[in-house]
Amino acid sequence: MSDIVTFGETMLRLSPPGDERLENAAEFEVRAAGAESNVAIAASRLGASATWLSKVPETALGRRVVGELRGHGIETDVVWSHRGRQGTYYLEHAGKPRGTNVIYDRENTAVSTAEAREFDLDRIRNAQVFFTTGITPALSSTLRDTTLNLLKAARKGGTTTAFDFNYRRKLWSPDEARETLTKLFPGIDVLIIAARDARTVLGFEGDPRQLAHK
């Protein structure tokens with residue numbers, strides 16, 4: 001039994017060295033990166049037992065992601081898929097006036113087809129906490145249903161549910177995010193949301209204390 005189970009996509013992040021531009025880069029640093037697996041890793045480093053759930057292509061790139069996460073000491077419980085690809089993104093670091101730039105390449109990924117029935121739901125029901133984020137349902141209509149069903153499974157098993165709103169404007173509009181994510185609220189025990197997202201997506205106004213009460 002894990003203290004915390006997280007669910008979501010972990011991508012391969014490719015970054016040129018220093019503040020070099022992507023279009024001029026001759027080499028890239030490669031790392032596995034995902035909000036939900038990052039939480040699992042952080043929890044593990046704090047002494048909790050942590051498991052990351054996902055659906056991953058059975059390819060060299062998919063194995064690269066899973067292998068790196070296992071190296072951080074967390075358990076990975078993945079559905080290996082022969083369809084779909086491994087998501088990636090490109091991160092260009094720079095100071096002002098350029099700023100940081102992110103380019104996603106996550107169309108037709110294996111995780112976008114993941115369904116709740118493919119996973120061992122007892123892992124979630126027997127955990128103390130189940131965690132996911134608003135990034136996951138933004139990736140496909142299938143994942144919107146899957147996220148809802150996994151939250152329901154957690155609540156049915158008495159597992160505390162934690163959800164990071166984590167709005168990404170490059171994935172969907174504020175209206176789309178509000179319509180989808182507010183439907184998940186009844187199944188969430190602990191909601192984490194940035195003040196900017198409460199304003200931009202939910203349309204709330206006020207200081208952080210007022211936003212929290214709303």
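**View 1. The four-stranded sheet.** Four strands make up an open sheet of mixed pairing, ordered E3-E2-E6-E7. This is a predicted model, in which local features need pLDDT of at least 70 and side-chain atom pairs count only at pLDDT 80 or more, while totals for chains, interfaces and linings use all residues. Residues are numbered from 1 along each chain as its sequence is written, and side-chain values use heavy atoms, with hydrogens and water left out. Strands (E, at least two residues) and helices (H or I, at least four) are DSSP runs numbered from the N terminus. Two strands pair if DSSP finds at least two bridges between them. E3 and E7 are the edge strands; each has a single partner strand, so one side of each lacks a neighbour in the sheet. From one strand to the next, the twist averages 25° (axes are lines fitted to C-alpha atoms, for helices over the stretch in contact; angles run from 0 to 180 degrees between N-to-C directions). E2 and E6 run parallel and are joined by three bridges. Arg-13 has Tyr-89 in E6 as its bridge partner.

View 2. Strand E8 (residues 129–133) runs parallel to E9, and five bridges join them. Thr-133 stands opposite Asp-164 in E9.

**View 3. Aromatic pairs.** Four aromatic pairs occur in the structure. Rings of Phe, Tyr and Trp (its six-membered ring) pair if their centres lie within 6.5 Å; planes under 30 degrees apart count as stacked, over 60 as edge-to-face and the rest as tilted. Phe-28 and Tyr-90 form an edge-to-face pair, because their ring planes stand at 75°, with the centres 6.3 Å apart. This pair links distant parts of the chain, 62 residues apart: Phe-28 is in the loop between strand E2 (11–15) and strand E3 (29–33), and Tyr-90 is in strand E6 (residues 88–92). Phe-28 is partly exposed at 34% relative accessible area, and Tyr-90 is partly exposed at 26% (buried means under 20%, exposed over 50%, partly exposed in between; 1.4 Å probe, protein chains only).

The rings of Phe-165 and Phe-185 have centres 6.4 Å apart and planes at 55°, so this pair is tilted. Here too distant parts of the chain are linked, 20 residues apart: Phe-165 lies in the loop between strand E9 (160–164) and helix H5 (174–181), Phe-185 in the loop between H5 and strand E10 (190–192). Phe-165 is buried, at 0% relative accessible area. Phe-185 is partly exposed, at 26%.

**View 4. A charge over a ring.** Arg-106 places its charged end over the ring of Tyr-104, 4.9 Å from the ring centre. A charge sits over a ring if NZ of Lys or CZ of Arg is within 6 Å of the ring centre and within 35 degrees of the ring normal.

**View 5. The largest pocket.** The largest pocket holds about 410 Å³ of space. On a 1 Å grid over the protein atoms alone, a pocket is an open set of points with protein on both sides within 12 Å along at least five of seven lines; a cavity is a set where a 1.4 Å probe fits but cannot get out; lining residues have an atom within 4 Å of a point. Points are joined across faces, edges and corners, and a volume is the space filled by probe spheres set on them. The pocket has 19 lining residues, and the closest to its centre are Val-102, Tyr-104, Ile-135, Tyr-167 and Arg-168. Helix H1 (35–45), E6, strand E7 (101–105) and helix H6 (195–200) each give two or more residues to the lining. H1 provides the largest share, three residues.

**View 6. The cavity.** The structure has one cavity of 30 Å³ or more. About 50 Å³ of space lies in the largest cavity. It is lined by 13 residues; Glu-9, Thr-10, Lys-55, Gln-86 and Val-111 are the closest to its centre.

**View 7. Backbone exceptions.** Most residues other than glycine have a negative phi, and most peptide bonds are trans. The peptide bond from Lys-96 to Pro-97 is cis, with omega near 5°. Pro-97 is in the loop between E6 and E7. Asn-108 is not a glycine, yet has a positive phi of about 55°. Asn-108 lies in the loop between E7 and helix H3 (121–125) and counts as exposed, at 63% relative accessibility. Asn-166 also has a positive phi, near 45°. Asn-166 lies in the loop between E9 and H5 and counts as buried, at 13% relative accessibility.
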